[in-house]
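Work through the exercises below with the model open beside you. Try each task before reading its solution.

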Protein chains: 2
Amino acid sequence: MNSTIELLLSHRSIRKFTDQKIPRELFETLIRAGQSAATSNHVQAYTIIHVVNPENRRKLAELAGGQGYVADCSDFLVFCADMKRSTEAAERAGAEVVLGMTEQLLVASIDTALVAQNVAIAAESEGLGLCYIGGIRNNPAEVSALLRLPDHVYPAFGMCLGYPDQQPEVKPRLPLASVLKEDYYQDEQDATLVAEFDDTMRQYYLERTAGNKDTNWSQQLKPLFTSKLRPHMKDFLKGKGFKMK
Amino acid sequence: MNSTIELLLSHRSIRKFTDQKIPRELFETLIRAGQSAATSNHVQAYTIIHVVNPENRRKLAELAGGQGYVADCSDFLVFCADMKRSTEAAERAGAEVVLGMTEQLLVASIDTALVAQNVAIAAESEGLGLCYIGGIRNNPAEVSALLRLPDHVYPAFGMCLGYPDQQPEVKPRLPLASVLKEDYYQDEQDATLVAEFDDTMRQYYLERTAGNKDTNWSQQLKPLFTSKLRPHMKDFLKGKGFKMK
């Protein structure tokens, strides 16, 4: 197994960082590595906001649900799905642009995720740690206002980057047979494989909490799906021009 | 610059592969590397269909718009955004699950993209080449029927994997200043930066085609946005239970 694959397999989220700052040259290299990711039809449908202003960092930490590391990490990025730049370019070239298609929401969201994952891997390859911050979708309108995001741009997720001040264990993943299927979607075995994974996760939580956290994967998911998950997202996206036509 | 970052920066899509097959052990390692990507709330909202059946590979090549490498590459994967496994697990644990939220479409699409990008990088680190196949969204209903995808699972994109039989150049990316903004979304400079990138891309196309392809980035985007891009996606997703509530 080569060192890049070893790096990928050793990923875990870092939420505690030292005070050391990422040098600007390295920071730009991480972004360029991100840009190298594949992009749908070369659209490059993303913009990255590098939030430097400390007051805005504190506000974003609150808006993301009280995640202090958003303020404390060396560099905080907001990865935005962006249909503005490319469609305006096409318009300037003479296109009569149709916006608001559901497909464009997918293209921009997926493009943005591919870029972010490259940034994440580049960062880890340099000994940095990171965590994704989906919590910025808790209050996307407030986040958008703070970052002055125009229409056809939405904040997909954030990312904290910095030098790790913790060494958490790697968190287990579902059994391979659960996520990889041959030729057809077959789920006859899924309940069994999930039960197996529930056992794995129960052990993981017990060991990390000296026996205090007695739960498993399925239990952890319950609150996430019982409530309407971020029910504001539909109206928020529509208001930003992602009309899901 | 370390070798992983060099690898990321050297990415280009491969669409011509040798007959050499990827060994099964390596293939599984790539998938495990994929699984190690970050995942929203540990949901792991994806399923990968490994299409082995040659007839189905040929059909998928057609459905993706006549992309022969879908049939010819060593291994073809369809990355599916999957809200079924996790919500059924939560249901078995006693949750009254709410499905069809717009946020769930985002979570699953982003989770799936992060996994895929890890698979892509793991593959490239082993000397393999790949290309993403967004074209499976040309005919998502037919693709879903062929792969027997149930409700709450949609085919986000495909990926061809194999040993490269071509060495294309790295395709330029937008200027850093165009995609990276400090504190606020500022686009005063965007038209200028895009014009600069249009020149870069024009040179790139001219050089690769002995002067025959005289176009640029903005021109290339025109047909993509003038028509309604994959206008079936909204109804297709709703039919699959991604109701965008």
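**Exercise 1. Find how far apart the centres of domain 1 and domain 2 of chain A are.**

Step 1. Take the bounds, which come from an automatic or database domain assignment. Domain 1 of chain A covers 3-170 + 229-239, and domain 2 covers 176-214.
Step 2. Take the centres over C-alpha atoms: 29 Å separate them.

A note on conventions. This is a predicted model, in which local features need pLDDT of at least 70, side-chain atom pairs count only at pLDDT 80 or more, and totals for chains, interfaces and linings use all residues. Residues are numbered from 1 along each chain as its sequence is written, chains are lettered from A and ligands numbered from 1 in the order in which they are written, and side-chain values use heavy atoms, with hydrogens and water left out.

**Exercise 2. Work out which rotation superposes chain B on chain A.**

Step 1. Superpose by least squares on the C-alpha atoms of residues with pLDDT of at least 70 in both copies.
Step 2. Check the contact residues (heavy atoms within 4.5 Å). Of those in chain B, 100% recur in chain A, so the same surface serves both copies.

**Exercise 3. Describe the contact between chain A and chain B.**

Step 1. Count residues: chain A gives 115 and chain B gives 115.
Step 2. Get the buried area, the accessible area (1.4 Å probe) that two parts lose on being put together, summed over both. It is about 10100 Å², with 63% from carbon and sulfur atoms.
Step 3. Pick out the residues of chain B that lose the most area to chain A: B:His42, B:Tyr185 and B:Phe225. Together they make up 8% of what that side buries.

**Exercise 4. Identify which element gives the most to the lining of the largest pocket.**

Step 1. Define a pocket: on a 1 Å grid over the protein atoms alone, an open set of points where a 1.4 Å probe fits, with protein on both sides within 12 Å along at least five of seven lines. Lining residues have an atom within 4 Å of a point.
Step 2. Count the lining: 41 residues, with A:Arg15, B:Thr39, B:Ser40, B:Asn41 and B:His42 nearest the centre.
Step 3. Assign helices (DSSP H or I, at least four residues) and strands (E, at least two), numbered from the N terminus. α6(B) gives the most, with five residues.
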